[in-house]
Amino acid sequence: MRAGRKQWIGLAVLVLPVLLISVDLHVLSYALPFISAELAPSGAQLLWIIDIYPFMLAGLLLPMGTLGDRIGRRRLLLAGAAAFGAASAVAAFSPSADLLIVTRALLGVGGATLMPSTLSLIRNMFHDAGQRRVAISIWTGAFAGGAMLGPLMGGALLEHFWWGSVFLVNLPVMALLLVLAPLLLPESRDPRPGRFDLVSVALSLGAILPAIYGIQHIAQDGLGWAPVLAVVTGLALGVAFVRRQRSAADPLLDVRLFGSRAFTAAISANTLGVFAMVGSSLFTTQYLQMVMGARPLIAGLYALPSAGTAMLAAGLAPVLVRRVRPGLVVCVGLLVGASGFAVLSMLDVTGQGGLLIAGIMLMAGGVTLVLTVSSDLIIATAPPERAGSVAGLSQVATEFGGALGISLLGSIGTAVYRGHLAGTGAPAPAMDTLGGALETARHLPEAAGSALAGAARVAFTQGQHYAMSAAAAGLCLMAVLAPVLLRSVRRATPPAQPDPAGRHAMR
């Protein structure tokens, strides 16, 4: 059935929480210095302020997607929007680090309800394959655009307001969603949901949360017993989760989907694309602020060209897959993204702003093209009644990709950075991060401080070179595999045109 005007307007409503969550994932990093100055959190508290949101988001995506299949995706979306808005209001005025940690956890819970709900509603609003591709391209463009615009918004707000303003921007968007969603979005659920398996929910949380925790702490602190044990525990519980899903009458996740090479390839390409994009942002934001010396607002402006490229790539994806096999489109996107990382690997301490913009544009365009095509392939495999669980799985893969990108690429950069500084006699606080080195240099005599800062910037760019080269190599490898794994997926048929009168709209 063709979607009509009401469904397309409803899609605009669904884009709102997607854009907001994407912005929210990236905007906090710019506010951390201000939060540290006002709330004076301990090192452990600051780490939890950063980590608790993605931990809760990753752990609850799959259970929330399945819950939406049972109680209704629109109902879950509205509940999540209300929770997200309320938590944002409290977070903006948090008087202590402990309360900010709690509200960030609640934001993660709300975000976990919003993301799979939006994608599963798209699956049930747009049954025509061509229209669904266009809808998912808009959804992906909003997510990619939010990732690039988050730094700009954060920089602009922090130039003029206090740190809590980065949370208050959520309130009008959530209020608009609560008003418009009941009017424009259809309710949909699994008509025969079966039993909600709480044991599977516990196993999924036990698998995802320790694994994400361990990966991120290995990136921050290096190998240690606690993070390694967390990863091993997560993997063991993940195996138990998969075994239970194979035998359960009403599984939380239909693991038989992974029997399809196309589905597995789409999930892999999606994860690798996010791996590279999130891992690169760890370096580019530091390069802008600590090597080039850009203020937060100026650093955010550098993201505008890449945001435009990402949105353009998302819009081109449904056009390309009508003319070229999806496997080849994914291959080309991966190669374009790899070329962007190759450009980023050439940055040095002289502050090459033009080269940075070119690299980010190529990276963002290529990776967004991959994410758009792979997201459609993933959600197309889901029967409408199980769209929530598959959408949740897609987002879990995204979260794992981001965590792995920070961990692996960050570890490469840190190892090269420390190795480069090891022979310079740099003090211990300067050996961990570029930020630590610059702060140490401020308290040294001018000549010694200038020498330390210069050496640290050179060491950082060397680490960036190796990390970006590794990301480029990973994308090139997947580019070779994608056409083979996706060879069974044929070119798309032209989409049915939206019915402006809504005469054949889905009810």
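Me: At what angle do helix α13 and helix α17 pack?
Reply: In this predicted model, α13 covers residues 326–344 and α17 covers residues 446–485. Their axes lie 8 Å apart, and the packing angle is about 165 degrees.

Me: Are α13 and α17 roughly parallel or roughly antiparallel to each other?
Reply: The angle between the two helices is about 165 degrees. Angles over 145 degrees count as roughly antiparallel. The two helices, α13 and α17, are therefore roughly antiparallel.

Me: How do the residues of the contact of α13 with α17 divide into nonpolar, polar and charged?
Reply: α13 passes α17 in a left-handed crossing. On the α13 side the contact includes V330, L334 and F341, which meet a set in α17 that includes M468, L475 and A479. The division of the contact residues is 17 nonpolar, 3 polar and no charged.

Me: Which residues of α14 make the contact with α12?
Reply: Helix α12, residues 304–320, packs against α14 at an angle of about 30 degrees, with the axes 8 Å apart, and the crossing is right-handed. From α12 the contact takes P305, S306, T309, A310, A313, A314, A317 and L320. The contact residues comprise 12 nonpolar, 5 polar and no charged. Those supplied by α14 are I357, I360, M361, A364, G365, T368, L369, T372 and V373.

Me: How many residues of the lining of the largest cavity are polar?
Reply: Among the lining residues are T140, N270, S375 and Q395. The lining has no charged residues and 4 nonpolar ones, while the number of polar residues is 6.

Me: Which element gives the largest share of the lining of the second largest pocket?
Reply: The second largest pocket has a volume of about 640 Å³. Of its 24 lining residues, G238, V242, L393, V396 and F400 are the closest to its centre. Two or more lining residues come from each of α8 (198–221), α9 (225–247), α10 and α15. The largest share, 8 residues, is from α9.

Me: How many charged residues does the lining of the second largest pocket have?
Reply: By class, the lining of this pocket has 19 nonpolar and 4 polar residues. The number of charged residues is 1.

How values were computed
Residues are numbered from 1 along each chain as its sequence is written. This is a predicted model: local features need pLDDT of at least 70, side-chain atom pairs count only at pLDDT 80 or more; totals for chains, interfaces and linings use all residues. Side-chain values use heavy atoms; hydrogens and water are left out. Axes are lines fitted to C-alpha atoms, for helices over the stretch in contact, and angles run from 0 to 180 degrees between N-to-C directions. Helices (H or I, at least four residues) and strands (E, at least two) are DSSP runs, numbered from the N terminus. Angles under 35 degrees count as roughly parallel, over 145 as roughly antiparallel, 65 to 115 as roughly perpendicular and the rest as oblique. A crossing is left-handed if the near helix is turned anticlockwise from the far one by less than a right angle, and right-handed if clockwise. Contact means heavy atoms within 4.5 Å. Ala, Val, Leu, Ile, Met, Phe, Trp, Tyr, Cys and Pro count as nonpolar, Asp, Glu, Lys and Arg as charged, and the others, Gly among them, as polar. On a 1 Å grid over the protein atoms alone, a cavity is a set of points where a 1.4 Å probe fits but cannot get out, and a pocket is an open set with protein on both sides within 12 Å along at least five of seven lines; lining residues have an atom within 4 Å of a point. Grid points are joined across faces, edges and corners, and a volume is the space filled by probe spheres set on the points.
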